[in-house]
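Please examine the sequence and the three-dimensional structure shown below.

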Amino acid sequence: MTERKLKEIKPVTPGATRAPNAPGTPGAHGTPVTPGAHGAGVKDISAPLDTARKRLFIGLIAASSLLLSLLLVLGWGIPYIGFSNIHPSVPYIAAIIFGLIILTISWAAFGLVLQILTNRRLPGAGKTRGMAIKFFLPLMELIARACGISAFEVRRSFIKVNNELVQNMAHTQPPEKILILLPHCLQWSGCGIRINNRVENCKRCGKCCMAGIIELGERYGVGIAIATGGTIARRIVVERRPGLIVAVACERDLSSGIQDTYPLPVFGVLNERPFGPCCDTTVPLDKVEEALRCFIKPQNNIGEAPPPQTPPPKGMMPFGNPGNL
């Protein structure tokens with residue numbers, strides 16, 4: 001697809017009016033925002049993922065590996081005298097076992113930091129990502145809490161690092177193997193149409209960003225699903241069996257979702273919450289589109305508008321139109 005054609009793609013941005021406004025100005029859905037009304041006084045707690053600090057993740061993972069190594073040394077050293085009473089060689093066997101575990105943890109942490117710094121795929125990238133997701137992240141949150149660092153910042157840093165690892169290790173996928181997984185809070189809270197089970201029910205009124213996301217899904221030929229919770233999200237993944245997920249959610253839900261779906265690659269896009277969490281959220285459509293372009297296997301006409309249908313010659317009846325019979 002040529003660069004000129006890519007520039008012609010103009011994603012719908014119905015969420016442009018969803019940002020909080022000053023009192024008396026039109027709100028997200030065309031109603032004035034006044035003190036005490038919906039969204040008034042609520043701080044926009046969302047921020048671009050670009051502001052997340054990778055060095056926070058690097059520092060915490062280094063501290064986690066060091067702490068684990070010290071605990072293992074203590075676990076071997078304290079009962080050292082008792083081991084010798086069992087057999088003279090038991091202390092040495094225990095030292096070898098604990099040493100191998102320490103070496104594995106240190107190597108995994110070093111490999112993960114090296115991938116983050118070089119932004120290149122290294123041998124064993126999938127395993128190091130797995131250790132970061134399943135093993136290091138919970139310990140990192142505990143260390144951060146002890147150091148007075150909010151879990152919010154840790155999760156943002158983790159999501160940013162995860163996205164870079166997924167970009168380095170994930171192969172491109174055909175459109176039908178990619179799933180856009182969305183939270184239900186993206187839908188306008190005043191909408192009476194239920195689209196949780198079928199996004200096709202959306203009337204595309206433009207009062208929320210769902211119309212733009214559905215347009216992207218149709219343009220690129222990828223699947224779209226809405227999850228109302230972690231259990232529903234896991235069920236959707238099991239039923240659809242995608243090769244890659246582009247997930248939209250807040251920091252907490254993205255972090256837990258990445259953990260739950262491992263080893264399936266998940267690329268996270270943070271939602272924006274101008275009215276607070278879980279209510280009338282939105283998402284930058286350009287970020288979702290960038291992710292789709294990055295992971296979709298190149299094919300002809302992907303991302304292009306369908307060609308216009310030429311009318312039949314004058315006097316000829318269109319095929320399959322019973323109204324003209």
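In the predicted model, Leu244 in strand S3 is the bridge partner of Ile178. Four bridges join strand S1 (residues 178–183) to S3, and the two run parallel. Because this is a predicted model, local features need pLDDT of at least 70 and side-chain atom pairs count only at pLDDT 80 or more, while totals for chains, interfaces and linings use all residues. Residues are numbered from 1 along each chain as its sequence is written, and side-chain values use heavy atoms, with hydrogens and water left out.

- Helices (H or I, at least four residues) and strands (E, at least two) are DSSP runs, numbered from the N terminus.
- Two strands pair if DSSP finds at least two bridges between them.
- S3 also pairs with strand S4 (residues 266–270), in the parallel sense and over five bridges.
- Val248 has Val269 of S4 opposite it, and Val246 faces Phe267 of S4.
- From S3 the chain passes through helix H9 (residues 251–261) to reach S4, in a right-handed β-α-β crossover; right-handed means that, with the strands pointing away from the viewer, the path from the first strand over the helix to the second runs clockwise.
- Six of the six residues of S3 (residues 244–249) are buried, so the strand is largely enclosed by the rest of the structure.
- Buried means under 20% relative accessible area, exposed means over 50%, and partly exposed lies in between (1.4 Å probe, protein chains only).
- Leu244, Val246 and Val248 point one way from S3, whereas Ile245, Ala247 and Ala249 point the other way.

**The sheet and the whole chain**

- The four strands form an open sheet with parallel pairing, in the order S2-S1-S3-S4.
- Strand S2 (223–227) and S4 stand at the edges with a single partner strand each, so one side of each is left without a neighbour in the sheet.
- The chain contains ten helices and four strands.
- Of its 325 residues, 41% count as buried.

**The largest pocket**

- A pocket is an open set of points on a 1 Å grid over the protein atoms alone, where a 1.4 Å probe fits, with protein on both sides within 12 Å along at least five of seven lines; lining residues have an atom within 4 Å of a point.
- The lining of the largest pocket comprises 35 residues, and Val248, Ala249, Cys250, Asp253 and Leu254 lie nearest the centre.
- H9 supplies nine residues, the largest share of this lining.
- Helix H6 (151–169), S1, helix H8 (230–240), S3 and H9 each contribute at least two lining residues.
- The lining divides into 19 nonpolar, nine polar and seven charged residues; Ala, Val, Leu, Ile, Met, Phe, Trp, Tyr, Cys and Pro count as nonpolar, Asp, Glu, Lys and Arg as charged, and the others, Gly among them, as polar.

**Residues in the loops**

- The peptide bond from Tyr262 to Pro263 is cis, with omega near 15°, and Pro263 lies in the loop between H9 and S4.
- Arg204, in the loop between S1 and helix H7 (210–220), has a phi near 55°, a positive value in a residue other than glycine.
- Asp280 lies in the loop between S4 and helix H10 (285–295), and its phi is also positive, at about 50°, although it is not a glycine.
- Arg204 is partly exposed, with a relative accessible area of 39%, whereas Asp280 is buried, with a relative accessible area of 1%.
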